[in-house]
Amino acid sequence: MIMYKKMSVIAFLLMGVVGGIHALPNTATEVLFPETSHFMSVGQQSTKPFFGQWASDEIFMDIDFYENSLSDPNSMDGDPCAGILKLMKGDDSATYTILRMKVTGKKAVGVLSDSNFKEQPMSAEVLPDGTMKIVIPPLPLIHMEGGKTIFKGEKILKRKVVSE
């Protein structure tokens with residue numbers, strides 16, 4: 001087991017020598033260069049804006065519009081999906097599945113599953129200030145004490161910074 005770890009570190013170092021520091025996986029750079037890994041991961045994230053976590057006060061999105069690599073919490077089998085959209089107000093929350101998205105530059109269009117499990121259109125756009133504008137269909141959040149809030153239309157989200 002120790003030999004395997006030594007070989008992994010050597011392989012990571014060789015990748016860095018041959019392909020430059022950007023050839024190293026994030027986990028390797030965080031271990032080898034903890035003081036700069038935050039800056040490198042920010043640079044790498046900007047090349048794929050439709051990947052990662054985005055949020056506002058009432059909306060949270062975890063997305064991978066490129067590979068559809070996230071596990072769908074609304075699926076019994078955890079099928080892969082393009083993302084999760086979570087609505088929040090107080091202690092109440094509702095989770096919706098982003099089924100698929102097509103990315104073209106700084107814009108993406110696709111569909112999400114509504115509360116009746118029907119496909120509804122959704123779009124996203126990375127704005128010049130680095131925020132993301134999403135346009136969603138009417139999505140209800142049922143409150144535990146009764147009543148509901150409908151989220152719809154344009155919403156602005158900021159990239160969620162992962163704390164170290």
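Are Phe50 and Phe65 buried or exposed? Both Phe50 and Phe65 are buried (buried is under 20% relative accessible area, exposed over 50%, partly exposed in between, with a 1.4 Å probe and protein chains only).

1. Basis. This is a predicted model, in which local features need pLDDT of at least 70, side-chain atom pairs count only at pLDDT 80 or more, and totals for chains, interfaces and linings use all residues. Residues are numbered from 1 along each chain as its sequence is written, and side-chain values use heavy atoms, with hydrogens and water left out.

2. Fold. The protein chain has 3 helices and 10 strands, in the sequence order α-α-α-β-β-β-β-β-β-β-β-β-β. Helices (H or I, at least four residues) and strands (E, at least two) are DSSP runs, numbered from the N terminus. Of the 164 residues, 33% are buried. Of the contacts (heavy atoms within 4.5 Å) between residues at least 6 apart in sequence, 35% join residues at least 24 apart.

3. Aromatic pair. Phe50 and Phe65 are stacked, at 5.5 Å centre to centre with 15 degrees between the planes. Phe50 is in the loop between α3 (37-47) and β1 (51-55) and Phe65 in the loop between β2 (59-64) and β3 (70-71), so the pair ties together parts 15 residues apart in sequence. Rings of Phe, Tyr and Trp (its six-membered ring) pair if their centres lie within 6.5 Å; planes under 30 degrees apart count as stacked, over 60 as edge-to-face and the rest as tilted.

4. Charge over a ring. Lys48 lies over the face of Tyr66, 5.2 Å from the ring centre. The criterion is NZ of Lys or CZ of Arg within 6 Å of the ring centre and within 35 degrees of the ring normal.

5. Salt bridges. A search of the whole structure finds 4 salt bridges (a side-chain nitrogen of Lys or Arg within 4 Å of a carboxyl oxygen of Asp or Glu). One of them joins Glu58 and Lys89 at 3.5 Å, N to O. Glu58 is in the loop between β1 and β2 and Lys89 in strand β5 (residues 83-89), 31 residues apart.

6. Strands β6 and β8. Arg100 and Glu119 form a salt bridge at 2.7 Å, N to O. Arg100 is in strand β6 (residues 92-104) and Glu119 in strand β8 (residues 119-126), so the pair ties together parts 19 residues apart in sequence. Arg100 is partly exposed at 41% relative accessibility, and Glu119 is partly exposed at 47%.

7. Network. Glu125, Lys133 and Glu154 are linked by salt bridges. Glu154 and Lys133 meet at 3.8 Å, N to O. Glu154 is exposed at 54% relative accessible area, whereas Lys133 is partly exposed at 21%.
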